[in-house]
Amino acid sequence: MMLGMLLVFALTTNASTPDSLMAKANAAYDHQLYDSAVNTYQQILKMGVVSPALYYNLGNAYFRKKDVPSAILYYEKAKKLSPNDPDILYNLNRANTMIVDKIDKVPELFLKRWWNYFYNLFDADTWAALSLISFAMLVLMVGIFVLSHRRGTRKLSFFIGLIFVLLTLLSFGLASQRTYYTKKHSEAIVFTPAVTVKSSPSDNSVDLFVVHEGTKIKIMDEVDNWVKIKIQNGSIGWLPQSSLRKI
Amino acid sequence: MITFLLLAGPFRLIAGEQVSFTGSARREVKVGEQFEIVYQVNAKARNFIPPDFKGLTVLTGPNTSSSTSVEIINGKMSQSYTLTYSFIVMAQKEGSIDIAPAHVNVDGKKYASNSLHINVVKGNVATARQHAQRATQRNSRPESTVSQQNISNKDVFVRATVNNKKPYLGQQVVVTYRIYTRVPVSNLAIQKVSSFKGFWSKDLLADNASLQQHNETINGQRYVVATIRKLALIPQQSGKLSIDPMELDCNVQIRIQQKRSNASDPFDDFFNDPFFNQNVRNIKKKLVSNPVNIVVKPLPEKGKPTCFAGAVGNFSFKSSVDKTNLSTNDALTLSISVNGSGNIELIDPPKVNFPPDFETYDPKITSHINKGKEGVSGSKKFEYLAIPRNPGDFIIKPVRFCFFNPHDGKYHIFHSDTLHIHVKKGKGSGGIVYSGNMQEDIRFLGKDIRHIKEGPYDFKKVNHYFFGSTLYIALAFLPILLLVIVLIVWKYLENRKANVSLLKNRKAKKVARQRLMKAQKMKKSNNDTGFYDEIAQALWGYIADKFNLPSSDLSMDTVKEVLAQKKVNDETIKGFIDTLNNIEFARFAPGDARGKMENIYSEALQAIMQAEKSLK
């Protein structure tokens, strides 16, 4: 796929490939020209391509420019694509220590934690590929089962087939979940330095609490220009759309 | 107490008038009662010699005053001049006292006054004591009702001055309070002092120093000036600051115009009593200094170094360390001293960056402060103690001290030298023993984000997800497709095989017959081996075709098995088997070849036909 894209771009633009731009931006970063690095990384994004490394590097560049909310935004985007990368996780952690709000995470249910462990093993595309492989193996087992005359072979193929049924279901489920999650923009970062969360989508409603820039929130609903948000300690309220940027 | 003498203006004796020098006092006084003795001369006099006031305590005196008065009677003007020397005295015991004449010089001639005789009668002991107490007080209570309007603000006032009205923030200024007076003043008492809001203040005058006085002429008037208070002020905030006025109370001696009345009025006499009718009075006066406004300039932002911590003034800086070679658990002392004038008392210890493995303590601060005319100056010494815990070579980075000099308006930075410290391992005993449970976690000196990633980048099209994409679905269907194809092919092949076997089955008898015929031919052409082969083949082949068995599966047992499966009767089976066996025998047994072949042939035919019949 990348090859195809490279060809397309080689034909249309003058040798400005994502890779070459990436090298250019990285060089700018190494020379501490962070504004230039940010611009070049953004150019790559404008080309319509994404990559965890791209988002991660962009996050670093914003961090160096002392723009912590933007850094967190791009680290989260990177994490969405590559959930287990230790560098992304470490830097996101560092950036989060520099924001104003300290939010206690509500501890998750054991089952949810288990599910999340698998969920975060691979990204959406990898799970999708795994589901295909598993499915193919399943079909193979079915074939063997149907066509074989030997009892031994049939028994073996039956049990292996069952295992693959489970694997297929699991990987299919995870792939669909992750794809849905990645496609959907259900999380966002606060960008206004300090904004009051209201109890309903209007300026006149009760002030509930204040959140500061860099805090990650979950989007529950959207009405007019207001967004219903939930923060990591479970509190719910409404914020104006303009104060957020979706991950 | 401030006192000075007012010199009387020069005056000449009116020509023709005779000099008169008289003394007067009350005839009768009580013990302990204060009363006045007054000597008057009607001309300018010198060298007043008072008499010996035996038996009397002189409380004050001689107090001099002079007055002139002009009388116009019937168009005739006459002036008179009186010079008065007065004493306030008190008798201690009863009895009669004789006071000798006083002497004075007028125009070179000596004159004597009259003598006085006073009777002292008993008074209340209490009152005597009270009087005595009052007499020993230096303060005489104001008993007059004379208004203070007699004293103007031009006679006595307090002025506050500041040596710099536009200092920088942190630059010390000196405020001086001076009293200016033309009249005798005593008993200065400060009632209210400015709170010096916005300043740090320090008194510059020592507590028991005597007040310095000098004379000054202002607008032609001579004043005595004394500094009553002097403070160093260091503004702690920028903008307009004001020093509130200081309020003092003091006693002022004033002259009162002597009442001259001809009529003898009992009240007049009372008021003209020598005790009350004195020319001087002590009255209380309130003095208020002028408020002072100061505009404090903020320190310039441009060029302000990061190490600046508020030191303003003119300073010098020295640093030293007592040793550079030591062992672990030994202590070294780094001394930093700052010397100069300015807000030295407010200077905080400069920051010293000891290497990470040094145990450090808060510095010991010693200061020597001088209070001078220009303000506060002196020195402040900071001693930092540090103990290295591990051996090695360490560097103590230069210590920076920055201050702002208001005279040149610039920031100055001092650096100490970089210090190289060599620490050798100390003796084991007596030192800290490191056992396993005293290990430290690696102490983070700083935390930073990790570096950027340098390829491979794994670019993907944005919003392009594998799951659910056309490729995905295609790939998902692929195995199913393959399976279906495989199944179809398989089935087809199976079918074909079945067909073949069906065909073979049907043709089994025919094929067998053909083989038998061939065998006959072989027999006719004396091909024994060929004959037996064909016969065997016919039989085995028949079974193979009929029952769709591969040749490798053919054996006697198999034949028995399959025939039994098909419920062929035992006899037929036996016949078949026997025939097969006979063929083998006949092959190798000697004897009548032809006859045997004939037998075999018919046996085989029989077997096949029987089988065929049974298998129908």
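Two residues are in contact if their C-beta atoms, placed from the backbone, lie within 7 Å. Keep that in mind for this predicted model.

Q: Which residues of α3(A) and α4(A) meet?
A: On the α3(A) side you'll find A:Tyr34, A:Ala37, A:Val38, A:Tyr41 and A:Ile44; on the α4(A) side, A:Leu54, A:Asn57, A:Leu58, A:Ala61, A:Tyr62 and A:Arg64. Sorted by kind, the residues of this contact come out as 9 nonpolar, 1 polar and 1 charged.

Q: How do the axes of helix α3 and helix α4 of chain A lie, and at what angle do they cross?
A: Helix α3 of chain A covers residues 34–46 and helix α4 of chain A covers residues 52–64; their axes come within 9 Å and cross at roughly 150 degrees.

Q: Why is α3(A) called roughly antiparallel to α4(A)?
A: Angles over 145 degrees count as roughly antiparallel, and the axes here cross at roughly 150 degrees. So α3(A) gets that label relative to α4(A). As for handedness, the crossing is left-handed.

Q: Why is B:Asn329 called partly exposed?
A: Buried needs 20 or more and exposed 12 or fewer; B:Asn329 has 16 other C-beta atoms within 10 Å, so it is partly exposed. You'll find B:Asn329 in the loop between β22 and β23 of chain B, with a positive phi of about 70 degrees.

Terms used. Residues are numbered from 1 along each chain as its sequence is written. Chains are lettered from A and ligands numbered from 1 in the order in which they are written. This is a predicted model: local features need pLDDT of at least 70, side-chain atom pairs count only at pLDDT 80 or more; totals for chains, interfaces and linings use all residues. Axes are lines fitted to C-alpha atoms, for helices over the stretch in contact, and angles run from 0 to 180 degrees between N-to-C directions. Helices (H or I, at least four residues) and strands (E, at least two) are DSSP runs, numbered from the N terminus. Angles under 35 degrees count as roughly parallel, over 145 as roughly antiparallel, 65 to 115 as roughly perpendicular and the rest as oblique. A crossing is left-handed if the near helix is turned anticlockwise from the far one by less than a right angle, and right-handed if clockwise. Ala, Val, Leu, Ile, Met, Phe, Trp, Tyr, Cys and Pro count as nonpolar, Asp, Glu, Lys and Arg as charged, and the others, Gly among them, as polar.
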